[in-house]
Every structure is written in C-alpha cells, then in structure tokens.
Amino acid sequence: MHKVDPMEIMLSDIFDKVFYNREPEISDCEYCEGDGKIQVEVYRSHNCNRDVGVIDVKMVKCPDCGGSGQMEYVINE
Ligand SMILES: [Zn+2]
C-alpha cells in the first residue's frame, strides 16, 4: 500500500511555486463579471393559449468559469 507523505506534498507544492512560478492568478471572470451567472433569454413558442411568443429570462451558470465567477490563470514565464 502506497502512503503519501504530507511533507512530500508540501515540498513539491513549494517547489512548483518557486521554480516554475506556477501559482495561479485569480481574477474575476470577464464573461459574467464575477457573478458566476449569466442571463439567457428563453424563447417560448406560442401555443393555443397565447398567440404571441414570450421571452423568458433566466439565470444560468456561467459556462466560462463554471459558476464560480473567478478564473484561474497559470502564468508560465
Ligand atoms: Zn463567468
């Protein structure tokens, strides 16, 4: 059974940050402006009760950031 040494993980994390500068930059998602949600218009076609189409607006999870409102950018220099 393989055991993972927590010290090893910590050191490897530090190693990554120091030597590869891989600490991600976090900033607000540009697509939803940090809301994590976007408005979409849902067109409902007319039926026997309505003779005009109705537009509903609903909130959905932002597809860019997956609903977190934040984006991680990994800087590679
Ligand atoms: Zn977003």
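User: Why is Ile38 called partly exposed in this predicted model?

Analyst: In this predicted model, Ile38 has 17 C-beta neighbours inside 10 Å. A residue is buried at 20 or more and exposed at 12 or fewer; the count for Ile38 falls in between, so Ile38 is partly exposed.

User: Where does Ile38 lie, and with which residues is Ile38 in contact?

Analyst: Ile38 belongs to strand β2, residues 37–44. Apart from neighbours within four places in sequence, its contacts are Tyr31, Cys32, Val60 and Cys62.

User: Why does Lys37 count as partly exposed?

Analyst: Within 10 Å of Lys37 there are 14 other C-beta atoms. Exposed requires 12 or fewer and buried requires 20 or more, so Lys37 is partly exposed.

User: What makes β2 and β3 a pair, and in which sense do they run?

Analyst: Two strands pair if at least two bridges are found between them. β2 and β3 have eight bridges, and therefore they pair, in the antiparallel sense. Lys37 lies in strand β2 and stands opposite Lys61 in β3.

User: Which contacts does Lys37 make beyond its neighbours within four places in sequence?

Analyst: Lys37 is in contact with Cys32, Met59, Val60, Lys61, Cys62 and Gly67. Lys37 and Pro63, 26 residues apart in sequence, have C-alpha atoms 8.5 Å apart.

User: What makes β3 hardly covered?

Analyst: The count of buried residues among the eight residues of β3 is zero. In the chain, buried residues make up 4% of the 77 residues.

User: Why is Glu33 called exposed?

Analyst: Glu33 has 11 C-beta neighbours inside 10 Å. The cut-off for exposed is 12 or fewer, so Glu33 is exposed. Glu33 sits in the loop between β1 (25–28) and β2.

User: How many helices and strands does the chain have, and in which pattern?

Analyst: There are one helix and four strands, following α-β-β-β-β along the sequence. Of the contacts between residues at least 6 apart in sequence, 61% join residues at least 24 apart.

User: How confident is the prediction, and where is confidence lowest and highest?

Analyst: The chain averages a pLDDT of 83, and 81% of the residues score at least 70. Confidence is lowest in helix α1 (residues 6–20), with a mean of 80, and highest in strand β3 (residues 54–61), at 90. Where pLDDT is low, the predicted coordinates should not be read in detail.

Key. Residues numbered from 1 in each chain as written. Predicted model: local features only at pLDDT ≥ 70, side-chain atom pairs only at ≥ 80, totals over all residues. Helix = DSSP H or I, 4+ residues; strand = E, 2+ residues; numbered from the N terminus. Contact = placed C-beta atoms within 7 Å. pLDDT = per-residue confidence, 0-100.
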